[in-house]
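Biologist: I am new to this structure. Please take a close look at one part, the salt bridges, and walk me through them.

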Amino acid sequence: MGAAAGGSVLGLSAAVGLAWWAGFGSRTQLWGPFPYRAPTPDEASSHRPAVHDKVVALTFDDGPNEPWTGRLLDVLAAKDVRATFFQVGRCAERFPSATRRVVDEGHVLGNHSLNHAFTSYLHQPAQQAEVARAQEVLHRISGVVPALYRPPWLCHWPWVLRTVERAGLQVVSGTFCHQLEVFQPPARSIAAEAARRVRPGTILIMHDGRDATGGDRSQTVAAVAPLVDRLRDEGYTFTTVDRLLGVPATLG
């Protein structure tokens with residue numbers, strides 16, 4: 001009985017792990033294209049140019065979240081770096097001036113759902129409403145219609161990808177800068193691990209908020225300047241996701 005029970009637990013664990021990988025893995029392409037980097041030369045097309053040089057796209061999720069989004073924008077302005085912000089609709093309603101500042105300062109605004117609620121991904125109608133209503137909110141506040149969408153938790157089940165495609169949006173994945181960044185380890189640890197994970201064409205995921213509830217992002221903000229300096233010392237330049245993937249930043 002012990003061996004049988006142990007085998008059942010292992011089997012269940014394997015099944016759960018496979019299900020997570022299929023639906024939430026940042027590099028999983030099982031259900032359709034889920035770009036996490038620029039195309040390689042073999043994958044390139046006239047619409048998706050390959051990246052041969054050292055270029056990276058910094059992205060920030062779950063904001064806006066003041067005062068941290070504002071402080072992050074100050075750092076990016078001082079370093080002359082343009083980034084891509086995947087914002088939650090409810091957070092944009094909470095801090096509309098931060099959303100407008102993202103656009104006014106030349107960064108790219110992306111859709112990161114309306115509520116960042118896991119239950120909204122369990123069936124297609126709720127997911128469709130999350131995408132559409134967030135588009136409405138971000139357009140009303142910023143004046144632009146985002147063309148990029150990053151699903152919360154990188155959830156890309158088949159119905160999520162279908163919803164995004166039907167909305168005319170480009171789904172975007174990426175590489176997490178640090179496996180514990182959302183829990184705010186020391187800035188030096190975030191910067192060092194992020195630099196280690198970057199390769200030419202990387203879309204790097206960081207957070208200026210947490211889900212739709214905000215929270216202290218001081219260590220992420222403090223990590224950005226040394227990360228930029230280190231990557232520049234290594235020969236990297238910075239771009240936005242739309243330019244990296246060769247897709248539009250906005251619709252209409």
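Modeller: A salt bridge here is a side-chain nitrogen of Lys or Arg within 4 Å of a carboxyl oxygen of Asp or Glu. This is a predicted model, in which local features need pLDDT of at least 70 and side-chain atom pairs count only at pLDDT 80 or more, while totals for chains, interfaces and linings use all residues. Residues are numbered from 1 along each chain as its sequence is written, and side-chain values use heavy atoms, with hydrogens and water left out.

The rule gives ten salt bridges. One of them joins the side chains of E193 and R196, at 2.6 Å from N to O. Both residues belong to helix α7 (residues 187–197) and sit three residues apart, about one turn of the helix. Helices are DSSP runs of H or I with at least four residues, numbered from the N terminus. E193 also forms a salt bridge with R197, where the closest N and O atoms are 2.8 Å apart. E193 and R197 are separated by about one helical turn, because they are four residues apart in α7.

Accessibility is sorted by relative accessible area: buried is under 20%, exposed is over 50%, and partly exposed lies in between (1.4 Å probe, protein chains only). E193 has 18%, so it counts as buried, whereas R197, with 23%, counts as partly exposed.

Another salt bridge links R230 and E234, with the closest N and O atoms 3.5 Å apart. R230 is partly exposed at 39% relative accessibility, and E234 is partly exposed at 33%.

Terms used:
Helix = DSSP H or I, 4+ residues; strand = E, 2+ residues; numbered from the N terminus.
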